[in-house]
Amino acid sequence: MNIRILFISLFSVGCFAQQKSKIVIDANQFYGSIALHNNSISHLIAAHPAGLILSYNKKTFGDEAWQQLYNYPDLGYSFIYQDMNNSTLGKNYGAYAHYNFYFFKRNVQLRVGQGLAYTTNPYDKVTNFRNNAYGSDILSSTYLMVNYQKENIYKGLGFKAGLTLIHYSNANFKAPNTSTNTIALNAGLTYDLDGGKKIKYTTVNDTTNYKQPIHFNVAFRGGINESDVIGLGQSPFYILSAYADKRIGRKSGFQLGADVFFSKFLKELIVYNSIAFPEKNVDPNDDYKRVGVFVGHELYINQMSVVAQLGYYVYYPFDFEGRMYNRIGLKRYFGDKVFGAVTLKAHAAKAEAVEFGVGIHF
């Protein structure tokens, strides 16, 4: 599910091929609060969640040009244990792949992690009906850390402290899915397994001209999701996309295109609304299909890239969450022509689905 199984596999394939090697592990405790991003979860904010983050980090030293471009980031894996300190929400256990990016003479670290989490007490209509945050026991999860970090203070031992944001959601794979966001303070220790041995960074003079002519792309995406109405059931969806893109440099490219959405959950939701809410004047025969146009940006990182798109429905027979939509996710190129992608489609902060896709670039 979510940007999340495929992220880990794509991350593993493309990232750990560097020649120089240094491993740093770290452990952080955190303590925080659940943010009230939706009034419907106010009854769940009754205590302060706390937990532990364990991480394995492999440093880069510039053996490839992209590493120097992004200031020699770390690549790694992490595990999060979080006790929500709320019997309704239970405990969460998450596994992630992450990047660490460095700023201000490498004293400030930004970590971006994506993964999967297991929650011990999801929604159940009989035994746990108050948990409207987690509709399934497997959740997608994203976390961000911004830390002041001082490595190798003494024989490889270092210190870090800062702020952490942890998000749990199943992206409407199964209702309910109100989700939670934990904002926490964290502090911990780092340890260099080489005992602080210094390795020199490589500087590469990259003379490649990354500017390219306009290319065309066709992508097919699909998955399973459910409306917010509990009990309507999960349905498959399919999306056909066509777009042009223009790469303007080593990091950036821009996109312009169109999507056609075949979202079967809307078919059930239209019938439900026509019966349950006659005042809305919904015709049960309304078309569930939608057509949108979008603009996008692609941030290139090695064979992987981060995609962000903003769209508008030009064909919109049934009103669902408004005409604007957005998409963010990851692409992995396999040669010059083929790519795979995992993306999250949403309306502002309201997730609709996680999309698994393949495409051709020509």
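**Note on a two-domain predicted model**

1. Between domain 1 and domain 2, five residue pairs are in polar contact, both residues of each pair being at pLDDT 80 or more. The count of salt bridges between domain 1 and domain 2 is zero. Keep in mind that this is a predicted model.

2. Where are the two domains? The domain assignment places domain 1 at residues 21-192 and domain 2 at residues 214-361. On the domain 1 side, 12 residues take part in the contact, and on the domain 2 side 20 residues do. The C-alpha centres of domain 1 and domain 2 are 26 Å apart.

3. Now the area. About 1,500 Å² is buried between domain 1 and domain 2, and carbon and sulfur atoms give 58% of that area. Sort the touching residues of domain 1 by class, and you get nine nonpolar, one polar and two charged residues.

4. Next, the loop between β8 (180-192) and β9 (215-225). L193 lies in this loop. How far apart are L193 and V24, in sequence and in space? They are 169 residues apart in sequence, but 6.0 Å apart in space, C-alpha to C-alpha. With neighbours within four places in sequence left aside, L193 is in contact with I23 and I25.

5. D194 lies in the loop between β8 and β9 as well. It forms a salt bridge with K22, and the closest N and O atoms are 3.7 Å apart. K22 sits in the loop between α1 (5-15) and β1 (23-34), so this pair ties together parts that are 172 residues apart in sequence. Are the two partners buried or partly exposed? D194 is partly exposed, at 38% relative accessibility. K22 is buried, because its relative accessible area is 5% and the cut-off for buried is under 20%.

6. A salt bridge also joins K160 and D26, with 3.8 Å between the closest N and O atoms. K160 is in strand β7 and D26 is in strand β1, so the link spans distant parts of the chain, 134 residues apart. Both K160 and D26 are buried.

7. How many salt bridges are there in the count? The count comes to 14. Side chains of opposite charge can pair when their charged atoms come close. One of the pairs is K289 with D287, where N to O is 2.9 Å. K289 is partly exposed, with 28% relative accessibility. There is also a network: salt bridges link R221, D259, R327 and E355.

8. Look at N217 in strand β9. Is N217 buried or exposed? N217 is buried, because its relative accessible area is 1%, and buried means under 20%. The side chain of N217 makes a polar contact of 3.5 Å with the side chain of D245. Setting aside neighbours within four places in sequence, N217 is in contact with several residues, among them S241, A242, Y243, A244 and D245. Its contacts also include F339, I360, H361 and F362.

9. Which values does phi take at R106 and N152? Phi of R106 is near 65 degrees, a positive value in a residue other than glycine. Phi of N152 is near 55 degrees, again a positive value in a residue other than glycine. R106 is in the loop between β4 (91-103) and β5 (108-119). N152 is in strand β6, residues 138-154. R106 is partly exposed, at 21% relative accessibility. N152 is partly exposed too, with a relative accessible area of 28%.

10. Last, a peptide bond to find in the viewer. A175 and P176 are joined by a cis peptide bond, with omega about 0 degrees. Where is P176? It is in the loop between β7 (157-169) and β8.

Notes. Residues numbered from 1 in each chain as written. Predicted model: local features only at pLDDT ≥ 70, side-chain atom pairs only at ≥ 80, totals over all residues. Heavy atoms only, no water. Domains from an automatic or database assignment. Contact = heavy atoms within 4.5 Å. Buried area = accessible area lost by both parts, 1.4 Å probe. Salt bridge = Lys/Arg side-chain N within 4 Å of Asp/Glu carboxyl O. Polar contact = N/O pair within 3.5 Å; in protein donor to acceptor, adjacent residues only side chain to side chain. Nonpolar A, V, L, I, M, F, W, Y, C, P; charged D, E, K, R; others polar. Helix = DSSP H or I, 4+ residues; strand = E, 2+ residues; numbered from the N terminus. Buried < 20%, exposed > 50% of the residue type's maximum accessible area, 1.4 Å probe, protein only.
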